[in-house]
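Me: I want to learn how to read helix packing and confidence in a model. Can we work through one together?

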Amino acid sequence: MRSVSQPAKVGAGGLAVAALGVVFGDIGTSPLYALQTVFSIDGGAVEANADDVYGVISLMFWAVTIVVSVKYVTILMRADNDGEGGVMALAALGQRLYTGLPGKSSKAVLFLLIAIVGVSLFYGDSLITPAISVLSAVEGLEIAVPGISQLVVPIAAVILTGLFAFQRFGTAKVGKLFGPVMLFWFFVIGLGGAVMVVQHPSVLVGLSPTYAVAFIVGHPVTAFVAMGAVVLVITGAEALYADMGHFGRPPIKRAWFFVVFPALVLNYLGQAALILQDPATRQNPFFLLFPDWARLPVVILATVATVIASQAVISGAFSLTRQAISLGLLPPLTVRHTSENEGGQVYLPAVNALLFVGVMAVMLVFRSSAALATAYGVSVTGALVVDTVLLLLVAPRLWGWGPVKIGVAAVVFGGLELTFLSGNLSKVVHGGWVPLLVALAVILVMTTWRKGRNLVIEGRIKKEGSLSQFIDRVRDLKIARVPGVAIFLHPNRDSTPLALRANVERNKVLHKRVIVVTVVIENVPHVQPEEAFEYNDLGYSDDGIDHVRVRFGFSDTPNIPRALRRACSLGVLDLKGKQVDAASYFVSRGAIRATRAPGMTAWRKTLFVGLAQNAANPAARFGLPPSRTVTMGSDIDI
């Protein structure tokens, strides 16, 4: 779900480095706060003795190994939807796999609902990640330059303000630097941990799973609460899968196993060894891991790394929102492309503004990474569980998994992640309600928009009437035909576009060539050009009226003029490109009025009308030229 600009031909090593800058920013900066958070829960319930330290390190190591290395990199990344990954693509894959089976409709709804929950949890996560990442990095100044703790929040606020202000310009230029910077970051944190491990090699025993088991058995209550903080080591794990479409599985897999995973393990081991050597360092073991002379440079590097991590989350929110709009889960919003070569690089002003307000609000309320950590984790673990549920539903059809494999996966992945989720739910009253509230709000908006949209479609169909009957009436009235091509956007081939009906009734004219265009957003990321068009002979060719269906993937940019020019070049339409360039576009759009009619509660109708009034103009959404686009229609009651 993130965006990245890559050259057309890049070597395997180059793609792996590029993936470092986009895929691993979130999980790569978790050492800044993960272990520190574990040792700060409940006023120090986890002690700085060998048993607790080894137990926590063992939990962290095996959590990363099982969830990231096994579940995502080894298994889930093989479940791609035309090369794309992420919760939206996985749900769409599930719908495709179950097409044609009994209960298809109910299964399609199930996958859609699961996708809505997953997307909503991501939005909750996207508010916390930039705030906690940048704050944790800037807090390093308290170690490097003591006495300036009062400046931490203002500095973080300035950095985040600049980050969100920069979004309108795109990330193509600075994106080329992300990979090398993150490669250096992983080298530094891995080296810092390795130096301490070499000095105290006994800490390596903490990798044994026996210490995790002993910690849980010996301190069940403490271990349960600690699991809510241990999960911080796998924040951003879903990005490995979500960004598969940009890089492919092999580069991400190589980057993980050869760079990221070793660097993270070494750094966590180094922090553990430092805490065992000096328990006082548990207040901020990451920065204290480095010598005095290196701390300020590491703070600067950490700040850059967290900005990169935040950028990945913001770009992901833009990409995911565009996919949700394409699938009819959110109202159309203004989408601006920030790269001439990469369609995936988009900027959504409304989403950027909402994220900025939300991120600044949570940062100013919680004011420290330790306090924010209490709000972090609920949405992360919820997203992990959603992916596991989808995996268990898809695996039998995709790979032929039997009950035994499904059961093992459910116990290993689902059991671990549900434990993480349960541990985080205990933090709901201490801040975990923030991402949950955001997720619930998004779910409400998505379900309301989808339901209201269906009501509008029903209302439109009643007013549109049969296209065949309308054409017969045009013939009888001998409506004047004017030169030129008129293109009407309409969701089907059977009823009359409201704009077409309004144009005839009000202006008493009809263009000599009329093309009704139906845009279909498929449950696949991309549609190949040769499969994108379907010409339908309506039987009115003598009247100059035709219909063409244009198919886009949910990750494609729905540009109608460009698509029609391609249709002409492929021979789908018997028009010339110049005729398309001079065509007039008509969009059916009228006011939506809430009534007391059944179908949806009054307050949800009010919400839907508000969303519809603030939705982007369809002309902008489909790339229609403003100077040649006319909006016509009639009001719709719901």
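Me: How do the axes of helix α5 and helix α19 cross?

Reply: Two packed helices are described by the angle between their axes and by the distance between those axes. In this predicted model, take α5 (residues 87–97) and α19 (residues 378–398). Their axes come within 10 Å and cross at roughly 30°. Angles under 35 degrees count as roughly parallel, so α5 and α19 are roughly parallel to each other. The crossing is left-handed.

Me: Which residues make the contact?

Reply: From α5: V87, L90, A91, L93, G94 and L97. From α19: V386, D387, L390, L391, V394, R397 and L398. By class, the residues of this contact comprise 10 nonpolar, 1 polar and 2 charged.

Me: Now a single residue. Is T129 buried or exposed?

Reply: T129 lies in helix α6 (residues 104–138). Its relative accessibility is 0%, so T129 counts as buried.

Me: What is T129 in contact with, beyond its neighbours within four places in sequence?

Reply: D26, S310, V313 and Y376. Take S310: 181 residues separate it from T129 in sequence, yet the C-alpha to C-alpha separation is 6.5 Å.

Me: Where does pLDDT stay under 50?

Reply: Where pLDDT is low, the predicted coordinates should not be read in detail. Here that stretch is residues 1–9. The model has 35 contacts beyond four places in sequence for residues 1–9.

Me: And what does the chain average?

Reply: The average pLDDT is 83, and 92% of the residues score at least 70.

Notes:
Residues numbered from 1 in each chain as written. Predicted model: local features only at pLDDT ≥ 70, side-chain atom pairs only at ≥ 80, totals over all residues. Heavy atoms only, no water. Axes fitted to C-alpha atoms, helices over the stretch in contact; angles between N-to-C directions. Helix = DSSP H or I, 4+ residues; strand = E, 2+ residues; numbered from the N terminus. Parallel < 35°, antiparallel > 145°, perpendicular 65-115°, else oblique. Left-handed = near helix turned anticlockwise from the far one by under 90°. Contact = heavy atoms within 4.5 Å. Nonpolar A, V, L, I, M, F, W, Y, C, P; charged D, E, K, R; others polar. pLDDT = per-residue confidence, 0-100. Buried < 20%, exposed > 50% of the residue type's maximum accessible area, 1.4 Å probe, protein only.
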